[in-house]
Amino acid sequence: FKAICSGYAPHTEPSICTKCSKCADEKTCVSTGKCPALDGNIEQSTFVASMATIIMIFSAVGVGCYVRQQRLMKEQVRGMIKEYMPLEVSQNSGGTALEQDDDAQGTFT
């Protein structure tokens with residue numbers, strides 16, 4: 001293969017000569033049109049697809065955790081508000097639980 005490609009004048013050789021001149025398996029490169037991956041190496045498209053999949057999975061988990069945390073926070077705030085809001089206007093005569101405290105000094109026991 002190298003003998004055939006070296007017979008061309010500079011800058012007149014076919015593109016396959018420059019593409020496959022650095023491959024370890026030139027025969028496979030000529031028949032497939034690209035260098036085969038060496039043992040232990042993966043193609044760039046496989047690597048990019050794997051990284052994109054991992055990023056999407058972690059993003060989905062992150063969004064799920066964020067939504068869950070926001071929902072739990074909202075439930076906690078609603079629970080705190082319900083503790084201090086009057087249950088019924090007629091029972092509490094318009095006051096909140098803090099206003100009806102016997103101490104009325106702002107200390108909690």
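Biologist: How many helices and strands does the secondary structure of the protein have?

Modeller: Helices (H or I, at least four residues) and strands (E, at least two) are DSSP runs, numbered from the N terminus. The protein has five helices and zero strands, in the order α-α-α-α-α from the N terminus on. This is a predicted model, in which local features need pLDDT of at least 70, side-chain atom pairs count only at pLDDT 80 or more, and totals for chains, interfaces and linings use all residues. Residues are numbered from 1 along each chain as its sequence is written, and side-chain values use heavy atoms, without hydrogens and water.

Biologist: Is isoleucine 55 buried or exposed?

Modeller: Buried means under 20% relative accessible area, exposed over 50%, and partly exposed in between (1.4 Å probe, protein chains only). Isoleucine 55, in helix 4 (residues 44–84), is exposed because its relative accessible area is 52%. Of the 109 residues of the protein, 7% count as buried.
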